[in-house]
Structures are given as C-alpha cells and as structure tokens.
Amino acid sequence: MIFNTPTIFASVALVALIMAVCLILVGQEHKRDGMRAGGAGLFAHALAYCCFTLYGQAPLWLTYGVGNTLLALALACYAASLLRIHGQPVPWSRIFVLPVLMAVALAALIDTREPRMFAACLVLILQCLLIMAWTWRYARHAGRAHLLLLLGGGISLIGLLLRVAAIASGAAAELPYDVSNLRQTVSVSIGTVTVMMFSLGLVLMAKEKTETALREMALRDALTGIANRRAIIEACEREIERARRVGTQLSIALLDIDHFKRINDSHGHLAGDAVLRQAAGLLRQRLRQSDEVGRYGGEEFLVLLPDTGRDGALTVIDSLRGAVAAQPAAFGDLRLPYRFSVGLWCGVPGPGDTSDSLIAHADAALYEVKAAGRDGVSVAPDRRGLLVPASG
C-alpha cells in the first residue's frame, strides 16, 4: 500500500508536537530527569517533518538542509535525555557536534543530490549507533524500556541503510520527499516508528528509574544509607535458605553501640547520628562484597557472613572492633570514641530455623556481653548446647 508522503510527514509532525508538549510540561516538575531534553527532541523532530512536508514548495536549503539538521538535533536531544535519565554527565560537545556537522555538510552539498543524501544518512547513522551504544551500556536489567530504544534505533538504522543502498544503486531520483511510492512509504513509515519508540522508550525509562529509586528508598535506612530493618531481615531469610539448601556455614552477628544514650545526652542527637553514619560506613567498608549489613534498629546493626564459620566470624568481628576503636566518629571539632558489643550465632541452619529464631540466639549472646560489662563478643551455644566462651 502506498501512502501520500507529505501527509505522512504532516501526521508524524503533529504526533511529535503533541508528545513534545506533554514531555516538556512533565519535565518542568522534575528538571533533572531528562524529560525536557526528550521533549526538545520531539519538538525538533516535529519541526523537521514540517520542513519535509514543504518539499518542492519551498527552497531546498529549508526543506532538506534545515529539515535534516533539525532531525539530527532531535537525535542529539534524545541522546542527552537518555544520559540525564540515568544520571550520567552529558558530553554536550560530542553529542551536538553531529548536528553541526550535518548543517555544515548540507550547506556545502545542497546543490548536489547523491552527495547530500549520503552525508545526511551518514550523520543520522552515527547518531543512531551512539544512542544504541549508550542505551546498551546503561540498560537496567530489571526493566524493558531500553529494548524500545534499541528496537527504535535498529529500525531507524535499517531504514537509513535501505536509503543508502537505494542511493548507491542509482535510485536517488525515487526518494524526494514529495514523491509517493512504495520505497518512500516504507522509508517514511520507519521514521514514524522511530519517533514513537524513542519517545515511549525515554518515558518508560524515566518511569523505571523512578520506580527503582522508590524501591531502594523503601529498603534503605535514610540516616546511614545501608539496608534498613526490613531489607536486612529479607536478606537474612535468603541467606538462611541458601545455607540450608547447600549445607554451608552462616554467621549472624548483632552489633550494638555501647552507651549510645550517653553520646546523645552529652553531645546531642546530631552527634549520635554522626556516630551511626560513621559506624555504618566502617562496617560497609570493612566487610566482604558477599557480606551484608543493615541497621536493625536504633544503635543496633545486623551483619550476615555467608560461608563463614565460628573462627572466621570471630576474625571478622575482631577486625571490625579494631577498626572502630582506631577511628572515632567526627562531629564538628569533636572526636567521639565508641565501642561495639557483639552477639554471634554461627552454624548450618536447620529445617526449623528462621531469621527470627537465629537473630534471637544472637540477641541472647549480645545480652550476655552487656551483662558482663560490654565491649566484647559472645557466641551463642552450638547445636549440642555447649556454651562458647565470650571474648573481651
């Protein structure tokens, strides 16, 4: 089926303009989420197709030169939007040098036919490849929005390569923007699909980023930045199930900052917050990548040590206690020393073990340390009911 080419151009321009207005309005609310750049790209896309619609009725420098430069500008804005959505710095010079190159090349070649068409296609191909490369690099594995951008870029590449092939085969005369034939219908229709996929892909990508941020906020402790109670308990359940299934050792440590109330009473709650942040940072820094730490509540931290038995856990805990002793928390001009008491459970989880039951064992061991004067480590009794002595 053959459609009237100027009509398709006008339709795409109208759709792109409507979507541009929507994205720009949405982008006013959150100026750093990339939506304004995406809206600017759609606006440039709409103007480009308006220029194409006037082909044969207005000067060639406007309908072809300005039109394709605006199209290159639209792709540059899409690339900038993609990077802004992912919180990456935008290399403005590298992105916008291609539209400038398009303008210069078409200004020099406007009176030719095949050379100007080759130049326009080459710049657009480079831009599509750049967008696809960045999309792949920053793809969120939990989402699918990047697939729309990859598919839109791939379809656009196919359309451009078909156009290059037609020019190379001497069929350039069949590709003016005011001609309606099957080849032109396919080419322009591909451009329509590209507009829709790029715009929808950017919107969905921004949505996925927001949802990811909200999920992370729901599982992160606002003060310390580490996992909150809900998240660390969920991690504990996962590690218990894994250790039970594989039959490997697991160590669960409950750490409590000694005399934390004194710090708050003597120096204020902001000083206490500084101690909590510094303690969380030390724990995160000193633990292995496979270990997990979370704020269990108040001044208590829960540490999970997968594939770690009693001796290894004691070594890790002694290292953490040594690091804490050597690095007091900073609050203004003050240096606030603090210590940890630690209750530890080590073993292979049994069929009836849960996060609640094993944390309760670690908590009972922690109580023993506190009763003995604090600043020490106690290991909960093993499966045979034997007491493991505490260390100071």
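In this predicted model, Asp265 forms a salt bridge with Lys261, with the closest N and O atoms 2.8 Å apart. Both residues belong to helix 9 (residues 260–267). They sit four residues apart, about one turn of the helix. An α-helix has 3.6 residues a turn, so residues three or four places apart point the same way. Asp265 is exposed, because its relative accessibility of 54% is over 50%. Lys261 counts as exposed too, at 58%.

The whole structure holds twelve salt bridges. Among them, Arg113 pairs with Glu114 through their side chains, at 3.6 Å from N to O. Arg113 is partly exposed at 40% relative accessibility. Glu114 is also partly exposed, with a relative accessible area of 27%. The side chains of Arg310 and Asp311 meet in another salt bridge, at 3.1 Å from N to O. Here Asp311 is exposed, at 56% relative accessible area, whereas Arg310 is partly exposed, at 33%. Salt bridges also link Glu239, Arg242 and Asp307 in a network.

Helix 4 covers residues 92–109. At 1.5 Å a residue, its 18 residues should span 26 Å. Leu98 and Pro99 are both buried.

Notes: Residues numbered from 1 in each chain as written. Predicted model: local features only at pLDDT ≥ 70, side-chain atom pairs only at ≥ 80, totals over all residues. Heavy atoms only, no water. Helix = DSSP H or I, 4+ residues; strand = E, 2+ residues; numbered from the N terminus. Expected span 1.5 Å × (residues − 1). Buried < 20%, exposed > 50% of the residue type's maximum accessible area, 1.4 Å probe, protein only. Salt bridge = Lys/Arg side-chain N within 4 Å of Asp/Glu carboxyl O.
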